[in-house]
Amino acid sequence: QLQLVESGGGLVQPGGSLRLSCANSGFTLDYYVIGWFRQAPGKEREGVSCISRSGGSTNYADSVKGRFTISRDNAKNTVYLQMKSLKPEDTAVYYCAASVIGCSAGFGSWGQGTQVTVSS
């Protein structure tokens, strides 16, 4: 059973960086595509980035392209989201989720989320 736990959120000034981690204490993450999502207050949840099982394929929302990088270390059962040049509009609760189908669907296991606040 997957038990996804996000960490690494916090308060950062505009232009700063954070690295989020998504770790699994249950089964290996090797079998799963992992996505990062975020939800800001009063807004719908949106997909941020996704990474294939091997890590060889990634995709990003237009709003974060060039600033965020997703990666995974299957030996550590962990997926990362490196966030740079952060903007106030990146403020949200960030979630990771796992899918056995692919980046477009099937995210049935979710973490509890980690808050990212970008503010001066």
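Modeller: Start with burial: buried means under 20% relative accessible area, exposed means over 50%, and partly exposed lies in between (1.4 Å probe, protein chains only). The model is predicted, so local features need pLDDT of at least 70, side-chain atom pairs count only at pLDDT 80 or more, and totals for chains, interfaces and linings use all residues. Residues are numbered from 1 along each chain as its sequence is written, and side-chain values use heavy atoms, with hydrogens and water left out.

Biologist: Why is Cys 103 called partly exposed?

Modeller: Its relative accessibility is 35%.

Biologist: Which parts does the pair Cys 50 and Cys 103 tie together?

Modeller: Cys 50 sits in strand β5, and Cys 103 in the loop between β9 and β10 (105-110). The tied parts are therefore 53 residues apart in sequence. Strands here are DSSP runs (E, at least two residues), numbered from the N terminus.

Biologist: How many disulfides does a search of the whole structure find?

Modeller: The search finds 2. Cys 22 is joined to Cys 96, with an S to S distance of 2.1 Å.

Biologist: Why is the disulfide of Cys 22 and Cys 96 called right-handed?

Modeller: The torsion about its S-S bond is about 70°, so the disulfide is right-handed. Cys 22 lies in β3 and Cys 96 in β9, so parts 74 residues apart in sequence are tied together. Both Cys 22 and Cys 96 are buried. With bonded cysteines counted along the chain, the pattern is 1-3, 2-4.

Biologist: Now Ser 99. Why does Ser 99 count as buried?

Modeller: Ser 99 has 0% relative accessibility, so it counts as buried. Its place is strand β9 (residues 92-102).

Biologist: What makes the pairing of the Ser 99 side chain with the backbone oxygen of Ala 105 a polar contact?

Modeller: A polar contact is a pair of N or O atoms within 3.5 Å; within protein, one must be able to donate a hydrogen and the other to accept it, and residues adjacent in sequence count only if both atoms are side-chain atoms. The backbone oxygen of Ala 105 is 2.6 Å from a polar atom of the Ser 99 side chain. The backbone nitrogen of Gly 102 is 3.1 Å from a polar atom of that side chain.

Biologist: What makes a set of residues a nonpolar core?

Modeller: Such a core is a set of buried Ala, Val, Leu, Ile, Met, Phe, Trp, Tyr and Cys residues joined through side-chain atoms within 4.5 Å. The largest has 27 residues; Trp 36 and Phe 68 are among those with the most contacts inside it. Its largest share, 4 residues, comes from β9. A second, separate core of 5 residues includes Cys 50 and Phe 107.

How values were computed. A disulfide is a pair of cysteine sulfur atoms within 2.5 Å.
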